[in-house]
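I opened my notebook to look up one structure, a feature at a time. Here are my entries, in short sentences.

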Amino acid sequence: MCGICGIVGENINTSKNELIVRAMMKTLIHRGPDDCGIEKGKNFIFGHQRLSIIDINHGHQPMLTDDKQVVLVLNGEIYNYLELKRELSLKGVKFKTTSDTEVLLKLYEQKGPKCLEYINGMFSFAIFDSRKKIFFAARDQFGIKPFYYYAFPNGNIVFASEIKAILQHPRIRAEVNYDGLEEYLTFQFCFNNKTLFKGIKKLEPAHKINWFLSDGDKFQIQEYWKQNYKVDTRHSKAYSIDRLKFLLEDSIQLQLRSDVSLGAYLSGGIDSSVVASLAGRLYGNDFQCFTGKFKEGILFDESKYAKVVAKNINTKLHFVTIEENGFIRLMPKLIYCMDEPVAGPGLLPQYVVSSFAAQHVKVVLGGHGGDEIFGGYTRYAIAYLEQCIKGAIYESQEEGRHIVTLNSIIKNLPALKEYVPMLKEFWKTGLFESMDSRYFKLIDRGGDLKSVLSKEMQSLHSKEKMFEHFASVFNSAGTKSYINKMLHFDQKTLLPALMHIEDRVSMAASLESRVPLLDYRIVEFANTLPPALKFHGGRLKHILREAMKNVLPSLILDRRDKMGFPVPLKEWLKKGPVCDFVRSIILSDSARKRGLFNVKEVEKLLEKEGNYVRQIWGILCLELWHQIFIDKNSAYSFLHKGNL
């Protein structure tokens, strides 16, 4: 796990550019405090900050081929590197280290860009091949590891693991990308390759860059892997359950490879419990788990479930309590870490638990991705409840045949008990519209903030355009299945946004976070399962629960109270230090002058009774982001010196 950066183009090797890359590296030290390196040639300067996990003493980067004609910087892990190394060794390839980085470099020498067809991992990497004058870069299938770039008109490219590093280039200014801002206000993430910074783009998950400098062409970006939802009708339920068990165990076995101490996050939810339980059994003694809780009551404390799982696998469970004052102290730092505003205050506990875990281990496994793969969000059940009623009334079969009937969903409706307010809001308008229109209403956050936007911002906000962006992804899955359409949208958009958060909070703590459920083989398998097997009777994560019957305690398997690390921000906003802090930011002189929000309406929002946490969180994150990155407010100058 590391930080990578560099400049590529014609006649790059100058002392000025080297100083820029070294400045970029300095902003990435938190991603790799163990080692650093820089390599340069006529057409490139690459920088690397290393967090040493595999082959601690010999995996120095940037790494060069024996003839020094190909250079590689890698962020992440290639989990199947031992299998690849054996195959390459049989072909006569010689190795000097035991690192996964060298395996990737040798694999590129053998296969070129087709090396992506062989690797299983979380990664972003960049290669410059001086033999062919080619710049080649890629990002893993789900965006677990980040890759940002800025392309100058003259063809030169600046790239890095984090946007703040790119902003070290003296010719790149931090300016607002209003197209990205409009999408953030609606979805709380940006679509495709957009960021909130003008001119700075992200390489999308499962995409690669091929740039042949000798041809003078601009670089080409191509998708190298796609989701497939063609349903497998050949295999039985029993086969599917056994196959899923094998893939889960194999993925975790691969991701337990490490030359340093390793543990797992354990919230007590199904996903983290699956990963911790399987990992604990495979790892054996000295396996450790980590969880966080708030002292504000049982609604903000899942620790009783985490204790049950830890006891079941006989592992040590560490607890950390997240304090109210931590919110005030950490929020500016977290926004700086993120580079962009993010969805949901769960960011805070994620960071606190990561920092806590980093005091004990150097690598953690987590259950991220389970909701988007196996159907774990309550909104899926809400969407299907309406679909069931619609089908029963109109005798319609939009999915070809109903995978969830009104009769079959009834026994799973108690899971919606805590979401009655959401149901009321959802059913206010547009009942029984098309599937894309209804799901858009479930994930659209634009309505939450529209009432407090300034008139100027409201005029720039087009709900129709945002729906078009949404529908272009939602309807592109090549399936009639409602559950697969929803999962496809979330895998393509929400999942990379969540991986953004997980990458930043773990890296800010110099901790490597691995996500075994996002092994591409598991996702490919899950996506082709019959929808009725994934979402039987509207039961969230049905196939995963079935596969884990003999692994997880029944208390965990039968849980219906999905919590998702809730933060007592509503309680904190009533009065006290957090309330005062939030007001000082979103009602500040800079916020008033900025013109994004109608300050009078923001003041009313703060005084209202009810749950307006999401709106206030969105306003707070945007204003802090503007102050830190756009205004470069001197109050946050310590952040820009790399003091994470």
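**Entry 1**

I began with a pairing: L74 has F125 in β6 as its bridge partner. Before going on, I noted where the model comes from. It is a predicted model, in which local features need pLDDT of at least 70 and side-chain atom pairs count only at pLDDT 80 or more, while totals for chains, interfaces and linings use all residues. Residues are numbered from 1 along each chain as its sequence is written, and side-chain values use heavy atoms, with hydrogens and water left out.

I wrote down the terms next. Helices (H or I, at least four residues) and strands (E, at least two) are DSSP runs, numbered from the N terminus. Two strands pair if DSSP finds at least two bridges between them.

Then I went back to the neighbours of β6. Strand β5 (residues 70-78) is joined to β6 by nine bridges, and the two run antiparallel. Strand β7 (residues 134-139) is joined to β6 by six bridges, again antiparallel. S124 has R139 in β7 as its bridge partner. Four residues lie between β6 and β7, which form a hairpin. In that turn, K133 has a positive phi of about 55 degrees.

Is β6 enclosed or open? I checked burial, where buried means under 20% relative accessible area, exposed over 50%, and partly exposed in between (1.4 Å probe, protein chains only). Nine of the nine residues of β6 (residues 121-129) are buried, so the strand is largely enclosed by the rest of the structure. I also sorted the residues by face. In a regular strand the side chains alternate between the two faces of the sheet. On one side of β6 I found G121, F123, F125, I127 and D129, and on the other M122, S124, A126 and F128, all buried.

**Entry 2: the whole chain**

I stepped back to count. The protein chain has 28 helices and 17 strands. Its C-alpha trace spans about 70 × 60 × 45 Å along the principal axes.

I compared the radius of gyration, taken over C-alpha atoms, with the globule rule of 2.2 Å times the number of residues to the power 0.38. For 644 residues a compact globule would be near 26 Å, and the protein chain has 24 Å, which agrees.

Buried residues make up 60% of the 644 residues. Contact means heavy atoms within 4.5 Å. Among contacts between residues at least 6 apart in sequence, 72% join residues at least 24 apart.

Lys and Arg count as positive and Asp and Glu as negative, with His and the chain ends not counted. The place of a charge is NZ of Lys, CZ of Arg, CG of Asp or CD of Glu. The protein chain has 88 positive and 73 negative side chains, and the centres of the two sets lie 0 Å apart.

**Entry 3: helices**

I picked helix α10 (residues 347-357). Nine of its eleven residues are buried, so α10 is largely enclosed by the rest of the structure. Among the buried ones are L347, Y351 and F356.

I then looked up T378, found in helix α12 (residues 378-394). T378 is buried, with a relative accessible area of 6%. Leaving out residues up to four places away in sequence, T378 touches A415, L416, Y419, L540 and K562.

Q458 sits in helix α17 (residues 455-460). Q458 counts as partly exposed, at 31% relative accessibility. With residues up to four places away left out, Q458 touches K450 and L453. Q458 and F597 are 139 residues apart in sequence, yet 9.3 Å apart in space, C-alpha to C-alpha.

**Entry 4: loops**

Which peptide bond is cis? I found it from Q61 to P62, with omega near -5 degrees. P62 lies in the loop between β3 (44-50) and β4 (63-64).

I noted two asparagines. N192 has a positive phi near 55 degrees and lies in the loop between α5 (178-187) and β10 (200-202). N192 is partly exposed, at 44%. N314 has a positive phi near 55 degrees and lies in the loop between α8 (303-313) and β15 (316-321). N314 counts as exposed, at 75% relative accessibility.

My last stop was E302, in the loop between β14 (288-293) and α8. E302 counts as buried, at 8% relative accessibility. E302 and E623 are 321 residues apart along the chain, and their C-alpha atoms are separated by 31 Å.
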